Amino acid sequence: DSAKQVEVNNKYRDFAMSTTGTKESFIVENEKVKVSVSGKGGQIERVELKDYHRSGKKENLVLFDQDSTRFALLINAYDRSSLFYTDEFYFKRIKQTTNSIVLRLETSIPGSYIEYSYSLKPGEYTVSSEIRFVGMQNIISQTEDQLQLHWSMLYPGQEKYIVKEKEAATIYFKHDINDPDYINPVKDEEKELNEADIKWICFKQQFFNSTIIADKVFNKAGSFIKSTSRPNSENIVKSATAELGIPYTHQTNEKFAFTFYFGPNHYNTLEKQNISLEKIIPTGWSVFSYINKWLVIPLFNWLGNLNMGVVILILTIIVKIVLLPIAYKTYMSGARMRVLKPETDALTAKFEKNADPMKKQQEQMALYRKAGVNPLSGCLPLLLQFPILIALFNFVPAAIELRQQGFLW
């Protein structure tokens, strides 16, 4: 035992005192979210969403559990002579309320520690978080200008059909200067994020997501994401990993602030974050996107208390009303075409196979103009309906409003 203790002391030095302890879990919650924080590593190890349930279950939906996630800071200490992760240590609870907690990784040096804090705002899916470094300037290697934050997760199956979940699950990311982008969900991929500093990383599932958002930015150096499929698993959708750089300037007291979002892929809820997080929801390209944003999503929000089958019927009626003037013109044009049929038949009989087809077409178009008929008008309503149908095709499979909803029964 003494030999083992000597080995621990040599490896961890000032951190050795925190290698032993009792593994505890602490609960912070609000009306929307219940979060379990582990004393081992000071990490969020479990998240429950109170307003949602897994398919066929009555319990709160579990976004992820302790056996399927890891959140740890890589410490490069003592001028690179020691390298270890914070989840190797036991944190001490310093302060806790119903919706907030502060945990501290202490060292043997008085006034020297790393502190994690988590705070839930009332009625929101966000967890305001902070990592503080106090008196660590002589412990963390002087050559380091950043620390690496590791965050990984196994997406658990939440829905009735896990095949659909596997098709939708991926990782989104946003550089500080660009629009959000993502890894192709249908293949395994590892992507370096060295183009620019990073604002957020989103572990996206079919209807829910777990996102880490920097108050400022994560450093681009050494940052990457990795998505790995689990084709043979009946319970796990996908594996996701992110490595992110956290700036460190060797001050006596400094902090890195960030926020977690643990919640549904609900357009308006994500839009309120004001970081383009709503773009993880597929609304389609260009004009298709505007149809969803200006018609479908507002309608779902307005009629959210009704049966979704009724909402879809109302949406169909609205689309038909919008297209009614064009449909009326199409009907009238079709009626005129029917009236003109004897005359068009006479033209066909007049011009035999060997006759000039150009002259026949000219006389036919003259007849149409005289009667005020557009032969292409029958196609126009179909063409105008296509953008709406394509927009719905993109959005409806991902709409949280339709999750676990019946039609009229």
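**Figure 1. A network of salt bridges in the predicted model.** Arg46, Glu48 and Asp65 are joined to one another in a network of salt bridges. The structure shown here, as in every view below, is a predicted model. Across the whole structure, a search finds eleven salt bridges.

**Figure 2. Salt bridges of glutamate 115.** Glutamate 115 pairs with arginine 104 in a salt bridge whose closest N and O atoms are 2.6 Å apart. This pair links distant parts of the chain, since glutamate 115 belongs to strand E9 and arginine 104 to strand E8, eleven residues apart. Glutamate 115 counts as buried because its relative accessibility is 7%, under the limit of 20%. Arginine 104, at 18% relative accessibility, likewise counts as buried. Glutamate 115 also forms a salt bridge with arginine 132, with the closest N and O atoms 3.2 Å apart. Arginine 132 lies in strand E10 and glutamate 115 in strand E9, so this pair ties together parts that are 17 residues apart in sequence.

**Figure 3. The salt bridge between glutamate 130 and lysine 255.** The side chains of these two residues meet at 3.5 Å, N to O. Glutamate 130 is in strand E10 and lysine 255 is in strand E18, and the pair links parts of the chain 125 residues apart. Lysine 255 counts as exposed because its relative accessibility is 56%, over the limit of 50%.

Figure 4. Lysine 204 is located in strand E15, which covers residues 198-204. Lysine 204 is buried yet has no salt bridge, and the nearest side chain of opposite charge, that of glutamate 165, is 10 Å away. Apart from neighbours within four places in sequence, the contacts of lysine 204 are Tyr155, Ala168, Ala169, Thr170, Tyr172, Asn209, Asn265 and Ile280.

**Figure 5. The largest pocket.** This pocket has a volume of about 1,300 Å³. It is lined by 40 residues, and those closest to its centre are Lys204, Ile281, Pro282, Asn394 and Ala398. Among the elements that supply at least two lining residues each are helix H2 (162-168), strand E12 (170-175) and helix H8 (380-395). Helix H4 contributes the largest share, four residues. By class, the lining comprises 18 nonpolar, eleven polar and eleven charged residues.

**Figure 6. The second largest pocket.** The volume of this pocket is about 470 Å³. Its lining consists of 22 residues, of which Lys32, Tyr125, Pro264, His266 and Thr269 lie nearest the centre. Strand E3 (44-53), strand E10 (126-134) and strand E18 each provide at least two lining residues, and E18 gives the most, with three. The lining divides into six nonpolar, nine polar and seven charged residues.

**Figure 7. The largest cavity.** The space within this cavity is about 30 Å³. Its lining is formed by Ile44, Phe64, Thr69, Phe71, Trp151, Phe260 and Phe262. Strand E5 (69-77) and strand E18 (253-264) are the elements that give two or more residues to this lining. Six of the lining residues are nonpolar, one is polar and none is charged.

**Figure 8. The loop position of isoleucine 109.** Isoleucine 109 sits in the loop between strand E8 (100-106) and strand E9 (113-120). Its relative accessible area is 35%, and isoleucine 109 is therefore partly exposed. Beyond neighbours within four places in sequence, isoleucine 109 is in contact with Asp14 and Ile139.

Notes. Residues are numbered from 1 along each chain as its sequence is written. This is a predicted model: local features need pLDDT of at least 70, side-chain atom pairs count only at pLDDT 80 or more; totals for chains, interfaces and linings use all residues. Side-chain values use heavy atoms; hydrogens and water are left out. Buried means under 20% relative accessible area, exposed over 50%, partly exposed in between (1.4 Å probe, protein chains only). Lys and Arg count as positive and Asp and Glu as negative; His and the chain ends are not counted. A salt bridge is a side-chain nitrogen of Lys or Arg within 4 Å of a carboxyl oxygen of Asp or Glu. Contact means heavy atoms within 4.5 Å. On a 1 Å grid over the protein atoms alone, a cavity is a set of points where a 1.4 Å probe fits but cannot get out, and a pocket is an open set with protein on both sides within 12 Å along at least five of seven lines; lining residues have an atom within 4 Å of a point. Grid points are joined across faces, edges and corners, and a volume is the space filled by probe spheres set on the points. Ala, Val, Leu, Ile, Met, Phe, Trp, Tyr, Cys and Pro count as nonpolar, Asp, Glu, Lys and Arg as charged, and the others, Gly among them, as polar.
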